[in-house]
Amino acid sequence: MIKQVLIGVLCGAAVLTAGILIGHFGITMSSAPSWVKDVAKDVDESLIEKFLSEVDNIQIQENLRSLTKVPHMATTAGDEQTVQLMLKRWQDPETGLDQAWREEFMVYLSFPDPKKPNKVTVVSPSDEVLYTAREKEKTYTSDQDDPEVVQPYAAYSPAGHPKGKLVYANQGKPSDYQLLNNTVDLRGTIAITRYGGAGRGAKAINAAPYGVIGVLVYTDPLDINDGLMSDINETYPHSWYMPPSGVERGSFNGQFGDMLTPYLAAKEETYRIPAENITGIPPIPIQPIGFEDAYRLICPKWLDKNSSNVMGVIKGSVEPDRYVIYGNHRDSWVHGAIDPSSGTSVMLELTRVLGKMVKQGKWRPRRSIIFGSWGAEEFGLIGSAEYTEQYFTKLSERTVAYINVDIAVFANATLRASGMPSLQKIIFKAAKQVDAPGLDSTSVYDNWIQYSNRTSQANGLIPNVGYLSGAGSDYAAFVHYLGITSMDISYTYDRSKTNARIYPAYHTAYDTFDYASKFIDPGFVSHQAIARTAGNVLIRLADSLLVPLNCSDYAETLEDYLNTAVTLYQHQLQERNISMEPLKRAVASFRSAATHLDQVIRSSDLANETPLTVRRINDQLMLLDRAFLDPLAFPDKYAYRHVIWASSSAGKPTFPGLADAFANAESQSSAWDKVHYHLSVLSQAIEGAAHTLADEH
């Protein structure tokens, strides 16, 4: 009897409990808090359509007009005006961001002494002056006559008064000086070189061991102007080509970031190395010149200057601790309409449209978006590098991707994009949704594939996306130092119609609003296309439930690199009992892990998965490039840690450390151990990256 009662009680309790649970969960599901829906939300395609429709080419044009009213070299009064402009826009109560602020770094910059202008003269054996070169470029419009237009000089060149015979040294590469030294005693000479072939400062660094005491560097009209040289009817102001007196300014520092505080943020109290311990700068005077003149020397003074970054943020609604960063430098050598203000004007339009949506309560991204207007890029990517040094840990752990739009528009023919392979598909998707400027019923993607394409084993014929293997803009510290998935895009010219290595007014006093509006992008429709494309990518990275990065595309690139390495190096390595099998196994392991993760993603209903499952997959994708970092792989390359994308002098489409080590070993038989070392570094880094994509421990 007691047993029956107990069973009855237990059954009743079970029924009651089940009823309570059913009722509880029924109530819970019907009155679920709003965050449950937010956690599962994905990118809103209708919002992207609204964004694309609101990006305004005329607004971009007026942004550029405002940004280029005065020269704004880093730390000058003109630069401060652009700082205030950025802050005013990003703090606007109707179209601004959630927060905007300035961050200052005290960095080591190089400026000419206006009281002692640089001079170049040709003298006779008796020191009679035969020719004196221009001290400033010829002016064609009033803005070029602004007293704040800095005279052409080589930033970070030492002061000096070298005097010697002039010798032509082509591009100033090591091979150029070696060949020249076979027939000419270079001791005590002044070398004149043309841009290209070697970095700016390297032209002097390469010259010094041969006894050269000074270097001049000029822009050859065949390299920039398709051979045109006359300002009467051929060059600016009649076309986009550089006029005869135009001089390309630039930083002649071979490293990025502040040179006195390597790997440290350059705050006022930060430890600084002695100035005499700085490396990577020219050991002898070097001066840039125009093709009209052959000579100009440098007499700089060295100054510690506060260099401002202007920062803004839109806070994420679901994952505010995950960041998508969008950046562009603000400083220029003179007015900088194209470099960098085309990018800044686009960024201002993006923030206007997105900021307005946020202020009106129509949208807030899933993840936080950080906007960076970097200072002192032209002196060596300083603002962005200092930012990554100051926030090294936080950025390493939380950044999903970095988008760089420096020179937004070189010209108006086609899109150009570079970045990690994992970003390839999202760039394609965005480009397919944007109309190509000036072309009816043609997308940016369809236009792009006509100009630059390649055949992918997995994807067929696709546009060619380049790699960020150097330090050409502010993506450098994010890619090489932090291992953050990054991209850089722009609109550029038809290379079949010109041999110009870059737009001809680059870093000259002629890079003005007038030049941009007449010759680069009349109507600013290419600026609009870049804004729409970059903004589309930005929204998808910040708002998609699953971070839209593709690890299988990364696997294909590693396989291409491996195939090239096997073809170029395997035979000679086998002769020295150095096996490439570990590298082959590592790449195969990465492919297997990437394929498995793709299958997991395809088979999962992520909107109905637990938030931690989605977060885990997103972290695997976000942290993939961090796995390729090795702080000891390139001891001679400052801040280069990414073993796949480090710079290389070998010129081979394969793993950079391996390619350089092999090239050195061919000329130095004792260096084969270094080849073996880089094979091991690569194999272990790729194997480690494969494990980050795997589910198991």
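Leu166 sits across from Ile190 of strand β6 in this predicted model. Strand β6 covers residues 190-194, and three bridges tie it to β5 in a parallel arrangement.

- β5 and β6 belong to an open, four-stranded sheet that runs in the order β5-β6-β7-β9, and its pairing is parallel.

**What the UniProt record lists**

- An unreviewed UniProt entry puts "domain: PA" at residues 163-250.
- That span, 163-250, comes out at 18% helix and 16% strand, with 23 Å between its end C-alpha atoms.
- The unreviewed entry also has "domain: Transferrin receptor-like dimerisation", listed for residues 578-693.

**Helix α20**

- α20 takes in residues 656-667, so to speak a 12-residue helix, and it goes 17 Å from first C-alpha to last, close to the 16 Å expected at 1.5 Å a residue.- Its buried residues are Pro656, Gly657, Leu658, Ala659, Asp660, Ala661, Phe662 and Ala665.
- The cover over those buried α20 residues includes α17 (551-575), α18 (581-603) and α21 (672-693).

**Helix α10**

- α10 (residues 382-390) is mostly covered, with eight of its nine residues buried.
- The buried set in α10 is Ile382, Gly383, Ser384, Ala385, Glu386, Tyr387, Thr388 and Glu389.
- In general, an α-helix has 3.6 residues a turn, so residues three or four places apart point the same way.

**Thr82 in helix α5**

- Thr82 is part of helix α5, which covers residues 77-90.
- Thr82 counts as buried because its relative accessibility is 5%, and the cut-off for buried is under 20%.
- If you skip the neighbours within four places in sequence, Thr82 is in contact with Leu67, His72 and Arg330.

Methods: Residues are numbered from 1 along each chain as its sequence is written. This is a predicted model: local features need pLDDT of at least 70, side-chain atom pairs count only at pLDDT 80 or more; totals for chains, interfaces and linings use all residues. Side-chain values use heavy atoms; hydrogens and water are left out. UniProt positions are given in the numbering used here, feature names are shortened, and annotations may be inferred rather than shown by experiment. Helices (H or I, at least four residues) and strands (E, at least two) are DSSP runs, numbered from the N terminus. The expected span of a helix is 1.5 Å times one less than its number of residues. Buried means under 20% relative accessible area, exposed over 50%, partly exposed in between (1.4 Å probe, protein chains only). Contact means heavy atoms within 4.5 Å. Two strands pair if DSSP finds at least two bridges between them.
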